[in-house]
Each structure stands twice: as structure tokens, then as C-alpha cells.
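Please find below some notes for the file. They are set out as numbered points, to be read beside the model.

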Amino acid sequence: MKEQILTNARLILRDEVITGTLVVRDGEIAEINQEISQLPQADNLDGEYLMPGLVELHTDNQEKYFTPRPKVDWPAHMAMATHDAQLIAAGITTSFDSVALGDIIGESTRVEKLDAMIKAIIESERVGLNRANHLLHLRCEVSYPGLMELFERYIGEDLVKLVSVMDHAPGQRQFPPENIPKYREYYMIKYGLSDDQMDDFIKLQQANSAQYADPFRRRICEVCHDRGIAIASHDDATLAHAQESADLGMQVAEFPTTLEAAKASHELGLKVLMGAPNIVRGGSHSGNIAAKDLASAGVLDILSSDYYPSALVQAAFMVANMEDNEYDLARAIGLVTANPAQAANLHDRGELKVGLRADLVQVNSHSVMPLVERVWCKGKRVF
């Protein structure tokens with residue numbers, strides 16, 4: 001691969017933003033300096049931002065392309081290609097495609113399509129069809145009786161680099177006892193259940209959680225530690241939840257639902273991950289703590305696009321422009337680059353630094369919103 005010179009760019013480094021030149025050789029960042037190159041082959045960015053490729057730890061964006069409508073199956077490689085294209089257009093060069101192992105009901109679409117989805121991710125990555133680097137994030141529903149069979153089936157795949165444990169049973173995490181009426185209303189409508197059927201449904205979910213959640217959670221953490229795979233908690237709501245996650249050696253706290261849990265997780269060394277749509281929309285769609293409040297408290301570490309890829313770069317710039325927090329642009333961009341890369345043990349990317357992968361995003365900030373202009377993955381132009 002020939003040398004590429006990107007000059008007259010505002011380079012967003014780990015701790016500062018400088019104007020200068022970045023040189024790429026053989027897919028890696030070879031030079032960074034504060035001079036403007038006069039070489040005729042240099043690519044002049046006209047003062048636009050150049051930042052590391054975004055690292056996405058938690059997206060289920062692919063699901064809507066595998067099943068674009070209820071009962072509609074889409075060809076797997078075509079679904080994967082569409083998902084990949086949307087991520088690249090959003091500046092995401094590393095994606096942890098999150099797949100749910102288990103659900104609150106045994107025959108859900110997620111469970112039925114799981115094997116086909118995982119195979120498509122692995123195969124498309126193997127044969128080089130993807131423009132972004134796709135890895136696997138196994139989301140483990142610990143109150144699902146058949147979880148361990150699924151976990152053991154997939155944990156040995158090389159692309160598995162992140163595992164999260166979650167419990168969506170009524171009375172747990174996202175649905176504490178005071179929120180059970182909301183849980184009841186939501187699932188009665190979703191599944192068309194009568195009052196009596198919903199009573200039975202709640203009892204079954206609570207019984208499954210009581211029987212399986214703790215042993216499954218502990219066993220999964222043991223296996224991941226043995227394999228060197230990063231682990232994330234999910235929807236922690238209390239000090240006790242945060243302490244349990246830390247005691248089990250987790251590195252990431254996904255979507256804590258309260259300021260108390262977020263602060264405790266951060267202080268215990270977990271990287272607090274929140275949704276970029278939460279920032280863009282100004283709050284949580286489910287009524288939990290707003291991500292901007294965690295930024296104000298200084299305990300926001302990672303942003304995830306979750307279900308809306310283009311929210312990621314938008315949210316990072318929004319955090320940097322908020323007046324009630326101490327995140328400058330370099331620190332805010334770290335929420336979507338260096339911090340998630342480090343949390344997932346990917347030490348070859350996430351920063352504009354000599355020797356790292358040349359995963360790069362050119363952003364035009366002169367319009368009404370940050371606009372991704374061009375994207376490179378390992379030095380290759382992919383958008």
C-alpha cells in the first residue's frame with residue numbers, strides 16, 4: 001500500500017487537538033506532526049477534523065436487516081452488507097455486533113435467527129466482505145434456562161471479544177419492583193396476554209431468575225476470565241449491583257440506570273457506557289438516568305450507538321459542546337474511540353498514534369451537524 005499524506009487537518013489526538021499532518025504507510029499511522037505538507041501528493045483536508053475510527057461496543061443494528069419486517073427473512077450476506085455499509089457511513093470502523101443469547105421468551109425471533117446471524121458475521125469477516133472490522137459481543141440473558149447451551153456453542157469463536165450479562169426479569173435491574181406495573185403493561189401489549197396469563201408470565205420469569213441468574217452469571221465470568229474476554233454488566237441500578245460487577249471482574253458497566261450505580265461503577269474501575277441516542281435525544285427513552293447527567297458528573301466513559309449508528313459521532317461532538325461538563329473535544333472523542341478500544345482489550349486502535357491501525361474518519365464540522373466525509377480502515381479508503 002502506497003504512502004498517504006493527509007495534511008492541513010485538525011487532528012484529534014488523545015489529549016489535544018492540533019493542526020498538522022498525518023502520514024499512513026502499510027495500513028498504520030507512520031507519522032504525526034504539526035506542519036502543513038507542501039508535497040504535491042499530499043491530500044489537503046482544508047482544516048477539517050481527522051479523528052480515529054469509531055469503536056462501537058454494543059449495537060444490535062444488524063437485527064433489523066436480517067428481519068426487516070415480522071416474519072420476513074432477508075438473505076444473510078445481503079443483510080450483513082447493508083449493516084456494514086451503514087456503520088461505515090457513520091464512521092464506525094470497529095463494530096462489536098451484539099447478539100442476544102436467550103430472551104424472555106423461548107421462541108423469539110432473536111433466538112430463532114441467532115445461528116444464522118452469527119454465521120453471517122463470522123463468514124463475511126472471514127472472506128473480507130466487510131469494510132469495517134466486525135467482532136462479536138455475546139449478550140447473555142442469565143434468567144433464560146437454555147443460556148449455557150448457547151453460550152458454550154459460541155464462546156469459542158475467535159471473533160468473540162466481549163460478553164455482557166443481563167437479567168430482564170421483573171424485579172431485576174431495569175425493572176425494579178416499583179417498575180413492574182410498566183413491565184406488565186408493556187409485555188401484555190407486546191404478546192397479547194390476558195391479566196391471568198401475564199400473572200403466570202411474571203411468576204415464571206421471576207422463578208427463572210431466582211434459579212438461574214446467579215450461577216449462570218458467575219460461570220460466564222469464570223469462562224471469560226480464563227479466555228481473556230472482556231465482560232460487561234448491564235442495567236446496574238444500585239451500589240450492590242455495581243459492587244457485584246466489580247467483584248466478578250467486569251470491565252464495563254453498560255447502561256446503568258441510576259446516577260448512584262454509575263458513580264459507584266466508575267469509582268470501582270468499570271468503564272461506564274451509555275447510549276449515544278440518550279445524548280442526542282436529551283434523555284433516556286425508558287425514563288432512566290440521562291447520559292448528559294453522567295457527563296456533568298464526570299463519570300461517562302463510553303458511548304454506544306446502540307440502535308442508531310449515526311448517533312455516535314453526533315453525540316461525541318454534543319458532549320464536547322455542552323457547557324455543564326469538563327469534556328473538551330479530545331476527551332469527548334475518546335468516549336467513542338480510545339475508551340471503548342481499551343475496555344475491550346483492543347490496543348492496536350482507538351487513537352491517532354504512530355504504530356496504530358490507520359482507522360481514520362474525516363469529519364466536516366462546518367455544517368449544522370458533524371458530517372462524516374471520508375473513512376479509512378487500515379489505511380484503505382472505504383467511504
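1. Basis. The model is predicted, with local features requiring pLDDT of at least 70 and side-chain atom pairs counted only at pLDDT 80 or more, while totals for chains, interfaces and linings use all residues. Numbering starts from 1 along each chain as its sequence is written, and side-chain values rest on heavy atoms, with hydrogens and water left out.

2. Eight strands form an open sheet with parallel pairing, in the order 6-7-8-9-10-11-12-13. Helices (H or I, at least four residues) and strands (E, at least two) are DSSP runs numbered from the N terminus, and two strands pair if DSSP finds at least two bridges between them. The edges are strand 6 (54–59) and strand 13 (302–304), each pairing on one side only. On average, neighbouring strands of this sheet are turned by 25° against each other, direction ignored. For this and later angles, axes are lines fitted to C-alpha atoms, for helices over the stretch in contact, and angles run from 0 to 180 degrees between N-to-C directions.

3. Helix 11 on the sheet. Helix 11 (residues 311–321) packs on the sheet and touches strand 6, strand 7 (92–101) and strand 13; contact means heavy atoms within 4.5 Å. The direction of helix 11 makes about 145° with that of strand 13. Nine of the eleven residues of helix 11 are buried, so the helix is largely enclosed by the rest of the structure. Here buried means under 20% relative accessible area, exposed over 50% and partly exposed in between, with a 1.4 Å probe and protein chains only. Among the buried residues of helix 11 are Leu312, Val313, Phe317 and Val319.

4. Is strand 6 enclosed or open? Six of the six residues of strand 6 are buried, so this strand is largely enclosed by the rest of the structure, although strand 6 pairs on one side only. Strand 6 runs parallel to strand 7 and is joined to it by four bridges, and the bridge partner of Val55 in strand 7 is Thr94. Elsewhere in the sheet, strand 9 (residues 160–166) and strand 10 (residues 230–234) pair in the parallel sense over three bridges. Val163 has Ile231 as its bridge partner in strand 10.

5. Aromatic pairs. The count comes to eight aromatic pairs. Rings of Phe, Tyr and Trp (its six-membered ring) pair if their centres lie within 6.5 Å, and planes under 30 degrees apart count as stacked, over 60 as edge-to-face and the rest as tilted. Tyr187 and Tyr191 make a stacked pair, 5.7 Å centre to centre with 15° between the planes. These two tyrosines are four residues apart in helix 5 (residues 180–191), so about one helical turn separates them. Tyr187 is buried at 8% relative accessible area, whereas Tyr191 is partly exposed at 26%. Tyr191 also pairs with Phe201: their ring centres are 6.0 Å apart and the planes lie at 55°, so this pair is tilted. That pair links distant parts of the chain, with Tyr191 in helix 5 and Phe201 in helix 6 (residues 195–227), ten residues apart. Phe201 is buried, its relative accessible area being 11%. Ring pairs join Tyr183, Tyr186, Tyr187, Tyr191 and Phe201 into a cluster.

6. Charges over rings. The charged end of Arg10 sits over the ring of Tyr49, 4.0 Å from its centre. Likewise, the charged end of Arg331 sits over the ring of Tyr327, at 3.8 Å from the centre. The criterion is NZ of Lys or CZ of Arg within 6 Å of the ring centre and within 35 degrees of the ring normal.

7. Cysteines. How many disulfides does the structure hold? The structure holds zero disulfides, a disulfide being a pair of cysteine sulfur atoms within 2.5 Å. For Cys140, the nearest cysteine sulfur is that of Cys224, 7.0 Å away, and Cys140 is buried at 0% relative accessibility. The sulfur of Cys221 is 6.7 Å from its closest cysteine sulfur, in Cys224, which is too far for a bond. Cys221 is buried as well, with a relative accessible area of 1%.

8. Positive phi. Asn8, in strand 1 (residues 4–12), is a residue other than glycine with a positive phi, near 50°. Phe255 also has phi near 50°. Phe255 lies in the loop between strand 11 (252–254) and helix 8 (259–267), and is buried with a relative accessible area of 14%.
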